[in-house]
Amino acid sequence: MSPGERRWLAFYASNRWSRNSELIVTEKQMRVRLLDLTPHEMETQMAVWGQPAYRARQVQHWLYKKQVSAPSEMSNLPAALRDRLAEDSQIDLLVPVTETASSDGNTTKALLRLDDGQLIEAVLMRYNRRRTVCVSSQAGCAIGCTFCATGQMGLQRNLSPGEMLGQVIHFERWLQSNTPDSGGITNVVIMGMGEPLANYSNLWRALRAMSSPDGLGLGARRLTVSTVGLVPGIDRFAEEGLQVNLAVSLHAPNDALREQLVPINQRYPIADLMAAIRRYIERTHRRITFEYALMRDINDSPALAEEMALLLQGLLCHVNLIPLNPVTGSPFQPTRREDADIFAGILRDRGIVTSLRVRRGVDINAGCGQLRARVAGSLEKGVL
Ligand code: SAH
Ligand code: SF4
């Protein structure tokens, strides 16, 4: 390897994706992480290796369309380039540790290990001919919502674009080997561990690769990002010019209650959040989804439903009600079925499009405390 190449690799190894992790540069991290590269960066990398630009497109085709796990499978590349890739680059950034299936078999949760040992979750949901992956954007989360299992872990670090893409690719491969006739992933929701808008630029690099025809080719409308409501991030999101869906985790219609559940509400109170959402809708003309985890005797009263209805009156929106998934050691309990029905009924009576996900007993979703129920409601309604 020449000194110039070493510098290039060292640049990648500088851990710029993961400012929150320790700067331990291992031999593996010195390798170019291919899934982290934009098409332009891939061309630059090929130039460093003395290769023409079209090789970049060939490599990306193997990565995104064929989802290969090793350069040796990139059969139309010259042997010398395959060797170079094998020596100096890395494709898979995630190692599956465990896999759990729900009792109905439609949901599969994978625990994945990152290079530095961090563990994250990704979930595949198969519903109504959709195959949706729920992707984590951070290892842990700094926001600390009081009812959320991830929030109680604190933030470990941001995920790189390749680590987000890798979760989708993991399940593309899973589908190919487990249900080869069913087709690949159709939708992605960034609703796993972490606050995606707190990892903004990595998030958008991943979203662009997911939506691009030269990348995973899913199309922007099939991608959804869920945020706790970071106002500057929502404003930036509105300017991105891609039709990626946005969901906002509201959980309470007034500041006094929301502050107790979602501490970041002190920084971005509901009035500021709603103003950002109005700007977003005005700019994009896109319907926004509000997520609302129903917690017994905390935020599930008819009076709060009325307050929600007033808050959302006239807004281009959809409400996704999710009975809370119980988290071990947490005082918060899922709402009662009848209270959820009343809450949903009030919103619907006031003209607000509302879906309510009914829990089907304890299985992996409850264990996860996070990932599925909120998504499934929208999936069944065909919203996502
Ligand atoms: N940080 C982002 C996205 C990840 S969390 C956000 O907060 O929106 C995705 C969703 O799961 C959020 O709506 C979050 O409030 C919700 N959630 C967290 N813990 C939950 C639980 N125990 N039961 C149900 N939903 C939960
Ligand atoms: Fe973070 Fe979202 Fe959990 Fe809140 S709900 S702690 S923002 S992952």
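The structure is a predicted model, and across the protein the pLDDT averages 88, with 85% of the residues scoring at least 70.

| Stretch | pLDDT | Contacts in the model |
|---|---|---|
| residues 1–24 | below 50 | 46 contacts beyond near neighbours in sequence |
| residues 379–384 | under 50 | 23 contacts beyond four places in sequence |

Two packed helices are described by the angle between their axes and the distance between the axes. Here the pair consists of helix α10, which covers residues 302–312, and helix α11, which covers residues 337–349, and their axes come within 9 Å and cross at roughly 30°. Angles under 35 degrees count as roughly parallel, and α10 and α11 are therefore roughly parallel to each other. The crossing in which α10 passes α11 is right-handed. On the side of α10 the contact is made by P302, L304, A305, E306, M308 and A309, while α11 contributes I342, F343, I346 and L347. Sorted by class, the residues in this contact of α10 with α11 comprise 9 nonpolar and 1 charged, with no polar residue among them.

Which residues are found around ligand 2? They are C141, I143, G144, C145, C148, G151, G194 and V228. By class, this shell around ligand 2 holds 5 nonpolar and 3 polar residues, and no charged residue is part of the shell.

Technical notes. Residues are numbered from 1 along each chain as its sequence is written. Chains are lettered from A and ligands numbered from 1 in the order in which they are written. This is a predicted model: local features need pLDDT of at least 70, side-chain atom pairs count only at pLDDT 80 or more; totals for chains, interfaces and linings use all residues. Side-chain values use heavy atoms; hydrogens and water are left out. A residue is near a molecule or strand if one of its heavy atoms lies within 4 Å of it. Ala, Val, Leu, Ile, Met, Phe, Trp, Tyr, Cys and Pro count as nonpolar, Asp, Glu, Lys and Arg as charged, and the others, Gly among them, as polar. pLDDT is the predictor's confidence in each residue, from 0 to 100. Contact means heavy atoms within 4.5 Å. Axes are lines fitted to C-alpha atoms, for helices over the stretch in contact, and angles run from 0 to 180 degrees between N-to-C directions. Helices (H or I, at least four residues) and strands (E, at least two) are DSSP runs, numbered from the N terminus. Angles under 35 degrees count as roughly parallel, over 145 as roughly antiparallel, 65 to 115 as roughly perpendicular and the rest as oblique. A crossing is left-handed if the near helix is turned anticlockwise from the far one by less than a right angle, and right-handed if clockwise.
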